[in-house]
Amino acid sequence: MALTLTCPVCGKRNGYEFRYGGEDKGPRPVEAGLTPAAWCDYVHMNKCTAGVQKEWWCHRDGCGSWFTTWRDTTQNLEVAKPEASK
Amino acid sequence: MFWKSKPLWGNKTRLKSSYDAVIIGGGLHGLATAYYLAKEHGLTDVAIIEKRFIGFGGAGRNTAIVRANQRTQYNVPLYKEALDLWPVLTKELDYNLMFNNCGNLNLMHSEAAMKAARMTIATAQFHGVESHLIDAKQAKELVPALNISEDITFPIHGAMFHPPGGIVRHDAVVWGLAKGAAKHGVDIHQHTEATAIHTEGGKITGVETSRGRIHTPRVLVSAGGYSAGLIYHMLGIKLPIAVLTIQAMVTQPLKPLLDHVVSSGAYHCYANQTLKGEIATGAHMDQWPNYTTQNTAHYIKHQAEALSDWLPCLRGVKFMRIWGGLADMTPDMAPIMDGNDHYEGFYMDCGWGYFGFKSCSAVGKYMAQYMASGHCPDMLKPFNLRRYENHQLMGETAELVSYTPNN
C-alpha cells in the first residue's frame with residue numbers, strides 16, 4: 001500500500017524513495033561477553049507488531065539521511081510518537 | 001438445486017472446554033495438520049481456531065502455483081512430497097482439487113541466471129524431480145506467445161522447465177481438507193479469535209479465545225502472516241520474520257494462450273492462465289513490512305509494463321481484479337517449523353513467505369507426526385528456529401533476503 005514519509009531534511013516524500021531499515025532495536029550490543037543468541041536477537045529477530053512501531057528509514061533516492069519514525073503497520077501511515085513512549 | 005444448508009465441514013459445533021490439541025489458524029497448514037492428526041494418528045479431539053473464516057488469509061490469496069524445483073537439499077524433498085500428494089489427496093478427500101500439472105517455465109535473462117539454473121536443475125534431478133534447461137527457441141515452442149526478440153528490456157536467454165509442477169485450485173484444497181478433517185472428528189471453529197496462550201512450569205496448558213478458555217497440552221500456531229506477531233505478543237518469542245504485503249491480479253478472461261506457468265525473476269513477474277481464461281499474475285512485494293493487504297498503483301503499472309514486454313499479445317488487456325496477501329519472509333527464504341523448544345507442547349509452523357501453498361500437504365503430514373509423537377521427524381529437523389543463532393541459515397537464496405539496511 002502506498003506510503004508517504006517525512007524526511008528530516010526533505011520533508012514529506014513518496015515512500016518509494018526510501019529504504020526500510022528495520023525495526024528499531026536500540027543500540028548495537030557491546031561485543032564483550034556477547035552470546036550467539038544475543039547477537040542473533042539483534043541481527044535477525046523482529047517483533048512484527050501489527051500496529052504502531054518505531055523503525056529506521058533511509059532517504060535512499062534523496063538526501064541519504066538515516067532517521068527513525070513511527071508508523072502504523074496496519075494502515076501504512078506515519079504517526080506521531082505514542083504518549084507512552086515519550 | 002445444488003445449495004446445501006450445511007457446509008462440507010459440518011454444522012457449527014460447541015466450543016468444548018478441553019481438547020487434546022488446539023490449532024490457531026484455519027488456513028491450509030492448520031487444516032492439513034488437523035486432517036493428518038485425526039486420520040493418521042488417531043488424535044481426533046482437535047480444535048481449529050480461526051479468527052475470521054477458513055481460507056481468509058494466504059490460503060485463498062495465493063496464485064495457486066505448485067512446484068518442487070527449489071534450491072536446497074532440505075527443501076526439494078519436502079516440496080516433492082507435497083507435489084506427489086495432490087493426486088493422492090484428491091482421491092482420499094473425495095474432492096476434486098483440480099490439479100493441473102501443466103509445468104512451470106522459469107525464464108532466464110542472462111548467462112549468470114542460466115548458470116544458477118543449471119545448479120538448481122542438478123539439485124532437482126539428484127532428488128528425482130524432473131527439471132530441464134532449455135534455450136529461448138524451445139521456450140518459444142512451448143509458449144508461442146513469448147517474446148524472444150533481442151529488443152526487450154530483458155531478452156530471454158533460456159528457461160528452466162519443470163514439467164511436474166502446475167496449478168491446484170486453492171479454494172478446493174481449503175474445502176476438501178476441512179471436509180476431511182471434520183469427517184475424522186476435528187472441530188473447526190470459525191469467527192473465534194485466540195487471545196492468549198497459557199503456560200505453567202514451561203508447559204502449554206491452554207488457549208484463551210474470544211469464546212472462552214480451552215484447556216489443552218498442545219498448541220500449534222499456523223496463522224500464516226499473522227503467526228510472528230501473534231507468537232511474540234502471546235509468548236514473547238521473537239522470530240526472524242518480516243511480514244510484507246504481496247500483490248496479485250487477474251486480467252479479463254481470454255481464449256487459451258498460456259498452457260504453462262511462466263515466471264521471470266528479472267521482470268519480477270509470473271503469469272498463468274486459469275481454467276476460466278483469466279491471466280493470473282503477480283510477484284510484487286511491498287518494500288516495507290505491513291499488514292494492509294492493499295494494492296498500489298506503482299505495482300499495477302509495473303505489472304502492465306512487464307507483461308506487455310515478454311507477453312506482448314496482452315497489450316491492451318484489462319486487469320479485472322486485484323488483491324493482496326501477507327508473506328512472512330525469513331532471511332534465508334526457508335520456513336520455521338519447530339516445537340517443544342521454548343515450551344513443552346508449543347509448536348509453530350510459519351515463515352513460509354510465498355511458499356505456504358505449495359508445501360501445505362506435506363507439511364500437514366509431518367507436523368501431525370511431530371505433534372502426535374512429540375519428536376521432530378527427520379524431514380523437518382533442518383527447519384528449526386535455532387539455526388539462525390547457530391549461523392546455519394539455508395542456502396535457498398544466494399544472499400540474505402533482508403528488509404533491513406543490507407537490502
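1. Chain A, order of elements. From the N terminus on, chain A of this predicted model runs β-β-β-α-β-β-β. That is 1 helix and 6 strands.

2. Chain A, extent and burial. Along the principal axes, the C-alpha atoms of chain A fill a box of roughly 40 × 30 × 25 Å. Chain A has 86 residues, and buried ones make up 17% of them. Take the contacts in chain A with a separation of 6 or more: 52% of them come from residues 24 or more positions apart.

3. The contact between the chains. Chain A puts 24 residues into the contact, and chain B puts in 28 residues. Which elements of chain A supply at least two residues each to the side that touches chain B? They are strand E3 (19-23) and helix H1 (36-43). By class, this side of chain A holds 12 nonpolar, 9 polar and 3 charged residues.

4. A sheet in chain B. Here 6 strands form an open sheet with mixed pairing. Their order is E8-E2-E1-E12-E19-E18. Strand E8 (187-189) and strand E18 (336-339) of chain B stand at the edges. Each has a single partner strand, so one side of each is left without a neighbour in the sheet. From one strand to the next, the twist averages 15°.

5. Strand E1 (residues 21-24) and strand E12 (residues 219-221) of chain B run parallel and are joined by 3 bridges. Ile23(B) stands opposite Leu220(B) of E12(B). Helix H7 (residues 227-235) of chain B lies across E12 and strand E19 (346-350). The helix runs at about 155° to E19(B).

6. Helix H8 of chain B, length. H8 covers residues 297-310, which is 14 residues. At 1.5 Å a residue, the helix should span 20 Å. Its end C-alpha atoms are 21 Å apart, which agrees.

7. Which residues of H8(B) are buried? They are Tyr299(B), Gln303(B), Ala306(B), Leu307(B) and Trp310(B). Seen down the helix axis, the buried residues fall within an arc of 95°, so they line one face of H8(B). On the other side, Ala297(B), Lys301(B) and Glu305(B) are exposed.

Definitions and conventions: Residues are numbered from 1 along each chain as its sequence is written. Chains are lettered from A and ligands numbered from 1 in the order in which they are written. This is a predicted model: local features need pLDDT of at least 70, side-chain atom pairs count only at pLDDT 80 or more; totals for chains, interfaces and linings use all residues. Two residues are in contact if their C-beta atoms, placed from the backbone, lie within 7 Å. Helices (H or I, at least four residues) and strands (E, at least two) are DSSP runs, numbered from the N terminus. Ala, Val, Leu, Ile, Met, Phe, Trp, Tyr, Cys and Pro count as nonpolar, Asp, Glu, Lys and Arg as charged, and the others, Gly among them, as polar. Two strands pair if DSSP finds at least two bridges between them. Axes are lines fitted to C-alpha atoms, for helices over the stretch in contact, and angles run from 0 to 180 degrees between N-to-C directions. The expected span of a helix is 1.5 Å times one less than its number of residues. A residue is buried if 20 or more other C-beta atoms lie within 10 Å of its own, exposed if 12 or fewer, and partly exposed in between; C-beta atoms are placed from the backbone. The arc is that of the directions from the helix axis to the C-beta atoms.
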